[in-house]
Amino acid sequence: MTDELIHLARWHNGEKSFSPFSDAEMQRRQDGMRGLMAAADLDACLFSSYHNICYFSGFMFCQFGRRYALTLTPDTATTLSAAIDGGQPWRRTFGDNLTYTDWRRTSYFDGLKELLPGVRRLGIEFDHVTLQFRALLEHHFPGVELVDCGEAAMGLRTVKSAEEHALIREGTRICRIGGEAVMEAARPGVAEHEVAIASTNAMVRAIADSFPFVELMDTWTWFQSGLNTDGAHNPVTNKLIEPGDILSLNTFPMIFGYYTALERTLFAGSVDETSLDLGRRTARCTSGAWN
């Protein structure tokens, strides 16, 4: 029965989607990695993380329990995605895309074998690959030497291009929109989650209005009050803001896989003397007048 079903396919549905990055920018990224591959004598790289697949291809996947990949060879760049995503991965990929189905447990690795024929030295992300995934790679690619390429890729991502700077600046503009929405909504008696919803909705609408086409995913707001502010990553709750509460404002728009952050400390109505004194002492320290 399984032999009659489709296990691998090229689902080229529609046209390539709008990207904030030019073809020249995407080619620069891939060619930069190819240069590092050549220097390390790698036949190919297999990227499996959100950040590297997005950086080198433009495709941001939704894992949902399945594996994804970008294979980069001296001549090709191809994302490997699950059939549940339809043609969207191909539309977002700068390069080609291969789709695998769930009809066979090995379909993902069958796809990798099709994309990486004759590979001897394969770059993988040591900081992302699990022990289980590595064992499966060794099983399906016997005799292939697995070499870390994650650190080299991180070095490329660290140096931002002019086009990345432009997108990040757009993100900071939208951060401000979210921050202004927080300040408008935050009042004693209002729940934290209501403030966060107002901010996130404002940012999502601003992102939607700013590009001819954009995938709207993962934009969020952390807003905490009172005791909930003792941890930077404490979840938003339904706690009501109380007069005099310290408030933590954190807005995070996500745009084409890039997120920016605005983080500020506020107070509900009034500031207690202890906090004012701490603020003054911190200001003296940062200005070089700390005693």
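1. Start at glycine 123. In this predicted model, glycine 123 stands opposite valine 147, a residue of strand 7. The two strands involved, strand 6 and strand 7 (residues 145-148), pair in the parallel sense. Four bridges link them.

2. Now look to another partner of strand 6. Strand 2 (residues 44-47) also runs parallel to strand 6, and three bridges join the two. Which residue of strand 6 is the bridge partner of leucine 46? That partner is isoleucine 124.

3. Next, check the side chains of strand 6, which covers residues 121-124. Arg121 and Gly123 point one way. Leu122 and Ile124 point the other way. Are these residues buried or exposed? All are buried, Arg121 included.

4. Follow the chain onward. Strand 6, helix 5 (residues 131-140) and strand 7 make up a β-α-β unit. The unit is right-handed.

5. Turn to threonine 79. This residue is found in strand 4, which spans residues 77-82. Its relative accessible area is 0%, so threonine 79 counts as buried, the cut-off being under 20%.

6. What does the side chain of threonine 79 make a polar contact with? The answer is the side chain of asparagine 97, at 2.9 Å.

7. Finally, list the surroundings of threonine 79. Neighbours within four places in sequence are left aside here. Threonine 79 is then in contact with Ile53, Ser57, Phe59, Ala69 and Leu70, among others. The list also includes Pro89, Thr93, Asp96, Asn97 and Leu98.

Conventions:
Residues numbered from 1 in each chain as written. Predicted model: local features only at pLDDT ≥ 70, side-chain atom pairs only at ≥ 80, totals over all residues. Heavy atoms only, no water. Buried < 20%, exposed > 50% of the residue type's maximum accessible area, 1.4 Å probe, protein only. Pairing = 2+ DSSP bridges. Right-handed = clockwise from strand over helix to strand, strands pointing away. Polar contact = N/O pair within 3.5 Å; in protein donor to acceptor, adjacent residues only side chain to side chain. Contact = heavy atoms within 4.5 Å.
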